[in-house]
Amino acid sequence: MENRISAIIVDDERNSREVLTELLEKFFPEIELLGEATDVESAYKTIEIKHPQLVFLDIEMPHKNGFDVLQQIKGNPETNNIRVIILS
């Protein structure tokens, strides 16, 4: 049985989320997408609910940015082991 990596995508641009999803499905079938978030607040909630192992994180988003999400993830003992790939 192959090891799966659970992940979410955080990006405010729908096209970027769709392209990344297609690429991951095609080239990295071991990554299981648990969901998406379109802003910082929904990112916090999705991470809290889904508990992903990996977050694909856009930096430029309205109001707050991806670094706010990164700080929240790494500052919380319950989520600081989540790996993050920053997108731009």
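What follows is a short chat about a predicted protein model.

User: What should I know about the model before I start?
Analyst: It is predicted, so to speak, by record: local features need pLDDT of at least 70, side-chain atom pairs count only at pLDDT 80 or more, and totals for chains, interfaces and linings use all residues. Residues are numbered from 1 along each chain as its sequence is written, and side-chain values use heavy atoms, with hydrogens and water left out.

User: How many helices and strands does the protein have?
Analyst: Three helices and four strands, in the order β-α-β-α-β-α-β along the sequence. Both are DSSP runs numbered from the N terminus: helices are H or I with at least four residues, strands E with at least two.

User: How much of the protein is buried?
Analyst: 34% of the 88 residues. Buried means under 20% relative accessible area, exposed over 50%, and partly exposed in between, with a 1.4 Å probe and protein chains only.

User: Switching to Y44. Where does Y44 lie?
Analyst: In helix 2, residues 40–50.

User: What does Y44 touch?
Analyst: Leaving out residues up to four places away in sequence, Y44 touches D68, V69 and Q72. A contact means heavy atoms within 4.5 Å.

User: And which backbone atom lies 3.4 Å from a polar atom of the Y44 side chain?
Analyst: The backbone oxygen of D68.

User: How far apart are Y44 and N80?
Analyst: They are 36 residues apart in sequence and 13 Å apart in space, C-alpha to C-alpha.

Notes
A polar contact is a pair of N or O atoms within 3.5 Å; within protein, one must be able to donate a hydrogen and the other to accept it, and residues adjacent in sequence count only if both atoms are side-chain atoms.
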